[in-house]
Amino acid sequence: MQVTMTVNGKSYTRDVEPRLLLVDFIRSELALTGTNIGCDTSQCGACTIHLNGKAVKSCTVFAVQAAGAELTTIEGLAGTGLHPMQQAFWDKHGLQCGYCTPGMIMTAVKLVERHGGTLSEEEIRHGLAGNLCRCTGYQNIVKAVQQAATEMGGGD
Amino acid sequence: MYPAKFDYYQATSVDEVLSLLQQHGEDAKILAGGHSLIPMMKLRLASPAVLVDIGQVADLRGFSTVADGSLRIGAMTTYHEIADANTGLDALTEVCSIMGDLQVRNRGTIGGNLSHNDPAADLPAVALALDAQLEIRGPSGERLAPMEEFIVGLMETALAPGDLVVAVRFPPSGPASGSAYEKFENPASGYAICGVAAWVRRDGTGRIESCRVALTGAADYAQRLRPVEEAMMGQQAGSEGIDAAAAKAGEGLQFLSDIHADDVYRAHLTHVLTRRVLQKAIERAQ
């Protein structure tokens, strides 16, 4: 069936099987391979994207469910320069192999938007519980999110 | 991993959902947030021939107050939306803030969770302790099912073929009342190895005059702990009677035994968490 959705500000229409997962739609149909498939069982969060402004695991959504939706993937996060969250991961060395990084960043952006600059370490760790880093480099990831939270400020 | 092929229908109204369910009978499965169903389909533990997606049914979302003062939450309202809604029901806010993870809380829905009735899910215990009622629509019309009647057994509910949970109603907690949820979770999956929810109301002297306690994760299905509730009557905050009441948590129960925890350990957890959750609920009942 035919689906149309807006990804990173651009509208795409494709004919898909209902069982096509959103993550495969993004990677295979749109060739946006920044979004990774990790566990494929909704545990690891490597496939996290923003669906209508909410962080979701795109391995556990069918593409047809996202018909008419607005999506942002890691490729759509940066403006003219890196997004403050991307810059913070760079500055604090919040990655080792880098596989979990796109998902970490997409989740962390929404976490900071929700809590603002006052985000505590505990809130960061609780908020990132759905994103697994198998290099276990969580220490620097938390530091990166703290830095970005300070820069992004705001919140509800 | 890919599910078996299925036909997909995106409904836009409750009537359309019901007619699609009628039309396709037992081949059809309702797709709500999909965070239990889609993983099951990917593992081929479920292979429905037809999926009826209710994600676009606007009537199934949001909050309202019904005539008896109960809070009515649409079945497709997500955990995050409930956690943020300031419902005045502490245990509900608490459970909707800790279930799954941030991404799951953006997709998981109250109606989907309760309809699925996973024995290790958190929400059924809270819905039992808060005396929730499910608003169901189906071929035989509309009805209200108290949570305790809705849960029939292991992953089994009172839903008949063609039925849809359209909303969940919570009676107001009332003055001098409080509620809480405590769990011990599997560190990998986050599912409850044991979870206990409690609601208490205190009288003018501070004694417990009404109480509901419910267990999840530790037995075949979520259920009320009536021996505890009865033993709590008349107890004062901080009294030794609370531990004695919590010690009754295992009475008449057959605890689960699996690779995550054996029955002896689950019985112990149930006692400890019942005591903690009661203390927390009492502190909140000011």
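**View 1. Strands E6 and E7 of chain B, side by side.** Strand E6 (residues 133-138) of chain B runs antiparallel to E7(B), and six bridges join the two; strands count as paired when DSSP finds at least two bridges between them. One pairing to look for is Glu135(B), whose bridge partner in E7(B) is Leu144(B). Helices (H or I, at least four residues) and strands (E, at least two) are DSSP runs, numbered from the N terminus. This is a predicted model, in which local features need pLDDT of at least 70 and side-chain atom pairs count only at pLDDT 80 or more, while totals for chains, interfaces and linings use all residues. Residues are numbered from 1 along each chain as its sequence is written, chains are lettered from A and ligands numbered from 1 in the order in which they are written, and side-chain values use heavy atoms, with hydrogens and water left out.

View 2. Strand E13 (residues 208-216) of chain B meets E14(B) over two bridges in the antiparallel sense, and Ala214(B) has Arg224(B) as its bridge partner in E14(B). Axes are lines fitted to C-alpha atoms, for helices over the stretch in contact (heavy atoms within 4.5 Å), and angles run from 0 to 180 degrees between N-to-C directions.

**View 3. A hairpin in chain A.** Strand E1 (residues 2-7) and strand E2 (residues 10-15) of chain A pair antiparallel over six bridges. They form a hairpin with two residues between them, and Asn8(A) in the turn has a positive phi of about 50°. Within the pairing, Thr4(A) has Thr13(A) in E2(A) as its bridge partner.

**View 4. Where chain B meets chain A.** Each chain brings its share to the contact: 32 residues from chain B and 32 residues from chain A. Together they bury about 2600 Å², 56% of it on carbon and sulfur atoms; buried area is the accessible area (1.4 Å probe) that two parts lose on being put together, summed over both. Three salt bridges (a side-chain nitrogen of Lys or Arg within 4 Å of a carboxyl oxygen of Asp or Glu) cross the interface. Take the one between the side chains of Asp84(B) and Arg114(A), at 2.7 Å, N to O.
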